[in-house]
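Subject: Structure handover

Hi there,

Here is the structure I promised to pass on, with some notes on what turned up in it. Have a look at the model first, then read on.

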Amino acid sequence: MSNGKKADSQTVYFRSADFPSGGFLFKNRVRIAPNDRGFMFADGLYEVVRSYGGRFFGFAEHLARLRHSLAEVGIDFPEIGELPGIAQELVRRNGLETTAAVAYIQLTRGLCERRYPFPTPPVVPTLYIEVNRLLSAAVEAEQGIAAITVPDIRWSRCDIKWLGLLPNVLARQRAVAQGANEAIFVRDGVVTEGTHTNVFGVKAGVVLTHPSDHHILAGITRAQVIQLCRALRLPVEERPILQAELAGLDELFLTSTTGEITPVVVLDSKPVGRGRPGPLTQQLQRAFRDLISSLSQGD
Ligand code: PDD
């Protein structure tokens with residue numbers, strides 16, 4: 001994810017207790033205070049929203065998920081409705097209207113002395129938004145990727161899109177060190193999700209994915225893919241995939257805002273199914289592409 005711009009020419013949006021009016025500024029002008037609770041405690045949330053040719057996809061769903069995250073951690077952010085307009089303006093100011101791009105939106109509880117309890121009265125949440133050009137993942141989408149499984153050592157509130165990503169970082173690093181692209185978490189013998197992706201399996205024509213609960217992030221792409229399955233009359237079941245079932249799956253794929261639908265063709269160094277993207281995965285990829293092109297044509 002990079003728009004090829006340096007920090008002295010990339011326009012971002014920033015608002016904090018030190019800069020309560022908020023505004024657009026060059027990235028190298030942003031000053032995050034050391035006592036920001038995001039810096040001290042990872043006391044904050046984020047969202048990643050994709051735009052295709054200048055149009056954001058599923059912003060309403062991303063905002064609904066952010067509202068859920070905010071409510072669960074008790075951050076009050078009544079200005080949430082301003083986010084799409086700010087992100088759209090960043091697309092414009094950075095000349096990203098004709099390309100694939102992603103908005104990264106981060107909110108923290110704000111700036112105060114380093115104490116665990118929430119500040120009273122509440123302080124202005126710190127808001128940071130940048131939009132970057134998205135590099136093409138066409139090769140991964142077409143050829144598939146390798147993944148590994150790792151123990152899911154994360155907390156039990158993975159439904160909150162929380163800034164604290166160290167377990168995800170460590171797991172992804174382990175994957176990369178082993179020449180793979182993604183790590184898939186396994187908790188108590190059950191496949192939960194990837195470090196930044198949801199996981200789907202296909203067995204005997206049935207599409208399977210973990211139910212949306214506290215152990216996974218309710219992916220916007222995941223929900224879209226479930227809807228596509230229904231529209232295509234592909235049987236889909238939201239039920240846990242057991243680790244013991246992995247070796248016998250016909251197909252395995254990942255979903256995410258940045259990667260859309262990505263086939264996994266090698267898992268823990270062994271081929272998945274026939275070791276190439278499977279037919280249902282490819283059918284869903286085509287349906288997803290059609291949906292996106294209808295969106296960019298304004299349907
Ligand atoms: N990742 N699971 C986790 C742990 C994630 O961080 C993400 C999103 C997903 C997929 O959700 P969605 O389809 O809404 O992107 C699942 C974002 C893109 C990221 O951190 O880059």
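Two strands, β14 (251-256) and β15 (260-267), each supply at least two residues of the lining of the second largest cavity, and β15 gives the most, with three residues. Strands here are DSSP runs of E with at least two residues and helices are runs of H or I with at least four, numbered from the N terminus. This is a predicted model, in which local features need pLDDT of at least 70 and side-chain atom pairs count only at pLDDT 80 or more, while totals for chains, interfaces and linings use all residues. Residues are numbered from 1 along each chain as its sequence is written, and side-chain values use heavy atoms, with hydrogens and water left out.

**Cavities**

The second largest cavity has a volume of about 40 Å³. Among the residues that line it are Asp 250, Glu 251, Val 264, Arg 276 and Thr 281. Its lining has six nonpolar, two polar and three charged residues (Ala, Val, Leu, Ile, Met, Phe, Trp, Tyr, Cys and Pro count as nonpolar, Asp, Glu, Lys and Arg as charged, and the others, Gly among them, as polar).

A cavity is a set of points on a 1 Å grid over the protein atoms alone where a 1.4 Å probe fits but cannot get out; a pocket is an open set with protein on both sides within 12 Å along at least five of seven lines, and lining residues have an atom within 4 Å of a point. Grid points are joined across faces, edges and corners, and a volume is the space filled by probe spheres set on the points. The count comes to two cavities of 30 Å³ or more.

The largest cavity has a volume of about 60 Å³. Its lining includes Arg 50, Tyr 52, His 62 and Glu 260, and the elements that give two or more residues to it are β3 (44-52) and α6 (220-231). By class, that lining has four nonpolar, four polar and two charged residues.

**A pocket**

The second largest pocket has a volume of about 260 Å³. Of its 15 lining residues, Ile 75, Asp 76, Pro 122, Val 123 and Pro 125 lie nearest its centre. The lining divides into ten nonpolar, one polar and four charged residues.

**A helix pair**

Phe 59, Leu 63 and Leu 66 in α2 meet Leu 83, Pro 84 and Ala 87 in α3 (contact means heavy atoms within 4.5 Å). By class, this contact has six nonpolar, no polar and no charged residues.

Happy browsing!
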